[in-house]
Amino acid sequence: MNPATPAEGERLSRAMAALRGLAVGDALGSQFFVPGNHSALQEGTLPPAPWAWTDDTEMACSVVAVLATHGGVDQDALARSFAEHHDFDRGYGPAVNRMLRLIRQEGADWRELAAGLFDGQGSWGNGAAMRVAPLGAWYAGEPELAARQAELSALTTHHHHEAVAGAVAVAATAAIAVGPDCPADAGRLLGAVLDLVPPSAVHAGVRRAVDMLDYDDVATVAAVLGCGRRTSAQDTVPFALWSAARHLGDYERAFWTTARAGGDVDTTCAIVGGIVASRPGGEPSRTWTDRTEALPEWARWS
């Protein structure tokens with residue numbers, strides 16, 4: 001796929017940088033669910049390669065594919081891509097597994113399925129947030145637009161307002177972080193994000209994250225903010241943004257800080273990795289990238 005204009009090429013380049021950072025964080029983070037790798041996590045050493053990515057990366061690839069093809073979020077195309085590329089063995093939750101199977105095999109309407117999850121409340125899981133950092137990088141310097149597009153992307157699978165708020169928060173952080181006017185101060189960065197996140201538990205959590213930016217004890221921060229143990233947006237996104245905001249420009253420190261908190265490690269590290277890698281100089285090392293499973297053929301544009 002060749003972008004039509006230089007501007008679109010720049011957007012795609014940023015989104016791909018975020019996608020590669022997301023994939024490394026996801027794949028490496030997922031290795032620490034293996035009991036034999038627990039000591040490596042505590043010691044800060046790398047587990048054996050190769051590192052396979054999970055549903056976080058697979059869905060993020062679809063987000064970038066739709067942006068590259070349509071120039072923005074086309075919800076029908078995004079839901080279709082999620083369903084067509086759905087690999088049951090990548091660690092999807094049971095509700096999304098069933099939803100994507102019904103779309104692919106029976107042509108079911110994603111709108112009805114997403115809205116009907118969990119007795120009509122919709123899912124408040126962290127799945128919409130885990131895949132959206134590349135979208136924020138695509139809209140660098142345009143956080144309001146990133147927030148609107150993130151909402152559209154979230155609604156294809158997650159109708160609950162907390163899940164939407166989580167996706168908005170992650171996308172807005174990436175859009176601001178990679179934009180020309182990114183504040184040097186982490187508190188100002190997250191303050192700008194808060195202006196775009198609707199009232200929600202996610203919003204309240206990010207506000208607490210701002211208050212904890214001077215805390216160095218990651219266990220304490222994770223105990224207050226959550227680190228994805230409940231796999232909800234409100235239990236995942238505030239901590240991930242705390243870690244990303246403190247470590248812009250240093251992928252490895254961002255990863256280890258995030259991973260040592262435990263919890264939903266592949267997802268928190270995917271979010272943090274996607275945000276940090278979207279900035280020039282924030283990408284993972286070649287050593288880490290080479291040990292990570294390559295992106296699928298259909299998701300390689302640059």
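This note goes through the fold, the aromatic pairs and the cysteines of one predicted model.

1. **Ground rules.** The model is predicted, so local features need pLDDT of at least 70 and side-chain atom pairs count only at pLDDT 80 or more, while totals for chains, interfaces and linings use all residues. Residues are numbered from 1 along each chain as its sequence is written, and side-chain values use heavy atoms, with hydrogens and water left out.

2. **Overall fold.** The chain has 17 helices and zero strands. Both are DSSP runs, numbered from the N terminus: helices are H or I with at least four residues, strands E with at least two. The radius of gyration is 17 Å, close to the 19 Å of the globule rule for 302 residues, so the chain is as compact as a globular protein of that length. That radius is taken over C-alpha atoms, and the rule is 2.2 Å times the number of residues to the power 0.38.

3. Of the 302 residues, 59% are buried. Buried means under 20% relative accessible area, exposed over 50%, and partly exposed in between (1.4 Å probe, protein chains only). Among contacts with a separation of 6 or more, 72% join residues 24 or more positions apart. A contact means heavy atoms within 4.5 Å.

4. **Aromatic pairs.** There are seven aromatic pairs. Rings of Phe, Tyr and Trp (its six-membered ring) pair if their centres lie within 6.5 Å; planes under 30 degrees apart are stacked, over 60 edge-to-face, the rest tilted. The centres of F32 and F255 are 6.4 Å apart with planes at 40°, so this pair is tilted. F32 lies in the loop between helix 1 (6-30) and helix 2 (38-43), and F255 in helix 15 (residues 251-259), 223 residues apart. Both F32 and F255 are buried.

5. W256 and W288 pair edge-to-face, at 6.1 Å centre to centre and 90° between the planes. W256 belongs to helix 15 and W288 to helix 17 (residues 286-291), 32 residues apart. Both tryptophans, W256 and W288, are buried. One aromatic cluster takes in F32, Y251, F255, W256 and W288.

6. **Cysteines.** How many disulfides are there? The count is zero, with a disulfide defined as a pair of cysteine sulfur atoms within 2.5 Å. For C61, the nearest cysteine sulfur is that of C269, 18 Å away. C61 is buried, at 0% relative accessibility. For C227, the nearest is also that of C269, 10 Å away. C227 is buried too, with a relative accessible area of 3%.
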